[in-house]
Amino acid sequence: MKLNRETDEALERINSLFEYKNGYLYRRCDSGPAKAGDIAGYLHHTGYWFVKVLSKNHAAHRVIWALCNGRWPVAHIDHINLEKADNRIENLREATISENMMNKSATRVNTTGFKGVDYSKTHKQFRARIKKGGVSRQIGYFPTAEEASLAYRAAAATTFGEFASK
């Protein structure tokens, strides 16, 4: 039996293999060197946990969400607190791609350290911008990165609602 997609059959199989407790999947039975009761899966270099079922890797957060909800998620699973390895069910929620992108931290290339904030050499001030649905909207220019960040966060709360990063 191959699990090429997330089906009811795959959900039944995963339910027979794993038990969810406090953000982790535990093995229900021995599998090679892994013993029943061991934490299942591995922490990938991306920061996400994965479990292998019948030679196919599954993101642990999707498996946990499915086990706790009795169905596979329709689209993406968002980690509310932005911690990729925190798979407690209260930290997981179903999200569209757009909603999932709203709840993310500043990228590595961001030089200010604040999401939605960059420095404008032309204006010699920090600029706050927000983007939703492919449309970028300028919030304003501010003397400090902290002030621009506060403006961004206020706009994000209004624009993104529950998916605004905390």
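Which element supplies the largest share of the lining of the largest pocket? In this predicted model, that share comes from β9, which contributes five residues. Besides β9 (125-132), the elements α3 (97-102), β8 (117-120) and α4 (145-160) each provide at least two lining residues. Divided by class, the lining of the largest pocket comprises eight nonpolar, 10 polar and seven charged residues.

The second largest pocket holds about 390 Å³ of space. Its lining consists of 15 residues, and Y48, K84, N100, N103 and K104 are the closest to its centre. Two or more residues of this lining come from each of α2, β6 (76-79) and α3. The greatest contribution to the second largest pocket is that of β6, with four residues. Four nonpolar, six polar and five charged residues make up the lining of the second largest pocket.

Buried here denotes a relative accessible area under 20%. The buried residues of α2 are A60, H61, R62, V63, I64, W65, A66 and L67. Just after α2, G70 adopts a positive phi of about 75°.

Methods:
Residues are numbered from 1 along each chain as its sequence is written. This is a predicted model: local features need pLDDT of at least 70, side-chain atom pairs count only at pLDDT 80 or more; totals for chains, interfaces and linings use all residues. Side-chain values use heavy atoms; hydrogens and water are left out. Buried means under 20% relative accessible area, exposed over 50%, partly exposed in between (1.4 Å probe, protein chains only). Ala, Val, Leu, Ile, Met, Phe, Trp, Tyr, Cys and Pro count as nonpolar, Asp, Glu, Lys and Arg as charged, and the others, Gly among them, as polar. On a 1 Å grid over the protein atoms alone, a cavity is a set of points where a 1.4 Å probe fits but cannot get out, and a pocket is an open set with protein on both sides within 12 Å along at least five of seven lines; lining residues have an atom within 4 Å of a point. Grid points are joined across faces, edges and corners, and a volume is the space filled by probe spheres set on the points.
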